[in-house]
Amino acid sequence: MIRTVPTKPYSDQKPGTSGLRKKVPVFQQEHYAENFIQSIFDALDGFKGKTLVIGGDGRFYNREVIQKAIAMAAANGFGKVMVGQGGILSTPAASHVIRKYKTFGGIILSASHNPGGPHEDFGIKYNAGNGGPAPEKLTDVIFEKTRAISSFKIADIDPIDIDTTGTVKAAGMTVEIIDPVADYAELMESLFDFDALRKLFKSGFRMRFDAMHAVTGPYAKEILENRLGAPIGTCRNFKPLPDFGGHHPDPNLVHAKHLYDEMMGPDAPDFGAASDGDGDRNLIIGKGIFVTPSDSVAMLAANARLAPGYKGGLKGIARSMPTSGAADRVAEKLGIALYETPTGWKFFGNLLDADMATICGEESAGTGSNHVREKDGLWAVLLWLNILAARGESCKQIVAEHWANYGRNYYSRHDYEEVESDRANALVDELRAKLGALPGASVRGMTIASADDFAYHDPVDGSISEHQGIRVLFEGGSRVVFRLSGTGTSGATLRVYIERYESDKSRHDLDTQAALADLIAAADDIAGIHSHTGRPKPSVIT
Ligand code: VG1
Ligand code: CO
């Protein structure tokens, strides 16, 4: 029943910021997915007879790879797999299932916010027994294994019916098809004041949640409409589709513009939110106000005590380096530690496991806490709702008051997508080469205080991760950060992160791009973005 199939290595299976992501036709090459899955298993030790969680965001090619993963888990000696019904498990739900059932780990099939379909993106990542994305030392080993692989093991079994919950046996292994929503919904109920939220909706509070035809639809329907009594119709685009309806399931102001327009309109609901392909990101828009993800982390941390799950306070806050310093001010006021990590959730795992941080966040619309080891879109939405219910104020009031107390960090990210890789690398190399000369220089009337290539020293395991983004800091606290994306699938994406702090309350209502105009111009002066990339302006501004 078990076959050992000879194979040849592919040279391009290096995991990026969050797993391996490629175009579907790349994954459809002979043995491409099998090679990567076998390499994951080859990089792990001691899973004989143990349980593996398997799920995905429902995108095109999900079902095929789920069947391969089940047959390969059986052949490699796992005792059991737990698979989300229909092949569905949001990333945070998968993390929770891994933790709750103390499984060995899990495989999540997702390319997250990237588009899906026969010519779009697919992805595979491995999460360890703590529920979190494999740390770099493990993804490095997986990559090494992909370069040397010569065979993989697979069981000859009929395709498993993944649409019916229940337990079957396949090649001596137990296959349990689980309800993807139940455990997660129960976890949310344990963290938030569902009674208060029910009252909020009963009082006529209006909300719009856009699942973007991605994985959070069934979760949001169950929690918001079924359990919390939000009116039917609160959730929109809630049916997961393999191609996300042809859209990018990326909850930002470009791809969720319809939601933004609705929230800024005359008859806007009280609160608007959206999530991404695999359910780990969140977009928060109050009536008449967009909350930047960096601000959202800070505001959630400042108010977290209002939710039952966090009433004991926070141990610390962690944010990725490019995320704005808004959270730092909250940590300072609360008298707790603030950790600055490289981009990607895998760097938060150690801090959460060691109980050094409780809330973590990234500027890319990812927020989460120690309840799982992934960022969690619906969790952020529910925490916001809990805070709104407890304070009895609007989102706009809460934001204004936060800025009045802490000051405002004007913040924007400019993405230059699908730049030729050589040109993007040349920009970064040139910038790196001149880092030493930047301090003291004056650009657009602003003086550069320091400049470096960010390296992270993990305080828990002592590991060092270098080249995590180039920071240029100006006197007065403004900064520009440059880094190349590790999730794109064609060419290179240059990300430029721009931030300026404003303490003056009378200047908290400026247009963000206008407030940052000098820094945006300075970023081009410093890095030669236009001349290197050939692009006069970014493809996406968030
Ligand atoms: C991007 C974001 C990063 C996030 C990662 C995965 O990575 O910037 O903050 O952790 O996506 O998010 P990069 O390397 O492209 O900048 V998800 O929701 O796509 O798993
Ligand atoms: Co995601």
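Here are a few friendly notes on this predicted model, covering the ligand site, a helix pair and one leucine.

1. Let's start with ligand 1. The shell around ligand 1 counts 20 residues, and those that come nearest are Thr-17, Ser-112, His-113, Thr-487 and Arg-495. By class, this shell splits into 10 polar and 10 charged residues, with no nonpolar ones.

2. Some polar contacts to ligand 1 may interest you. Glu-362 places a polar side-chain atom 2.7 Å from an oxygen atom of the ligand. For Arg-21, the distance from a polar side-chain atom to a ligand oxygen is 3.0 Å, and for Asp-276 it is 3.1 Å.

3. Next, a helix pair. Helix H4 (residues 91-100) and helix H6 (residues 182-191) have axes that come within 9 Å and cross at roughly 90°. The two helices are therefore roughly perpendicular to each other. On the H4 side, the contact is made by Pro-92, Ala-93, His-96, Val-97 and Lys-100, while H6 contributes Asp-183, Tyr-184, Glu-186 and Leu-187. By class, this contact of H4 with H6 has five nonpolar, one polar and three charged residues.

4. Finally, have a look at Leu-427, which sits in helix H15 (residues 421-433). Is Leu-427 buried or exposed? Its relative accessibility is 1%, under the 20% cut-off, so Leu-427 counts as buried.

5. What is Leu-427 in contact with, leaving aside neighbours within four places in sequence? The partners of Leu-427 are Leu-494, Ala-527, Gly-528, Ile-529, His-532 and Thr-533. Thr-533 lies 106 residues from Leu-427 in sequence, yet their C-alpha atoms are 8.1 Å apart in space.

Technical notes: Residues are numbered from 1 along each chain as its sequence is written. Chains are lettered from A and ligands numbered from 1 in the order in which they are written. This is a predicted model: local features need pLDDT of at least 70, side-chain atom pairs count only at pLDDT 80 or more; totals for chains, interfaces and linings use all residues. Side-chain values use heavy atoms; hydrogens and water are left out. A residue is near a molecule or strand if one of its heavy atoms lies within 4 Å of it. A polar contact is a pair of N or O atoms within 3.5 Å; within protein, one must be able to donate a hydrogen and the other to accept it, and residues adjacent in sequence count only if both atoms are side-chain atoms. Ala, Val, Leu, Ile, Met, Phe, Trp, Tyr, Cys and Pro count as nonpolar, Asp, Glu, Lys and Arg as charged, and the others, Gly among them, as polar. Axes are lines fitted to C-alpha atoms, for helices over the stretch in contact, and angles run from 0 to 180 degrees between N-to-C directions. Helices (H or I, at least four residues) and strands (E, at least two) are DSSP runs, numbered from the N terminus. Angles under 35 degrees count as roughly parallel, over 145 as roughly antiparallel, 65 to 115 as roughly perpendicular and the rest as oblique. Contact means heavy atoms within 4.5 Å. Buried means under 20% relative accessible area, exposed over 50%, partly exposed in between (1.4 Å probe, protein chains only).
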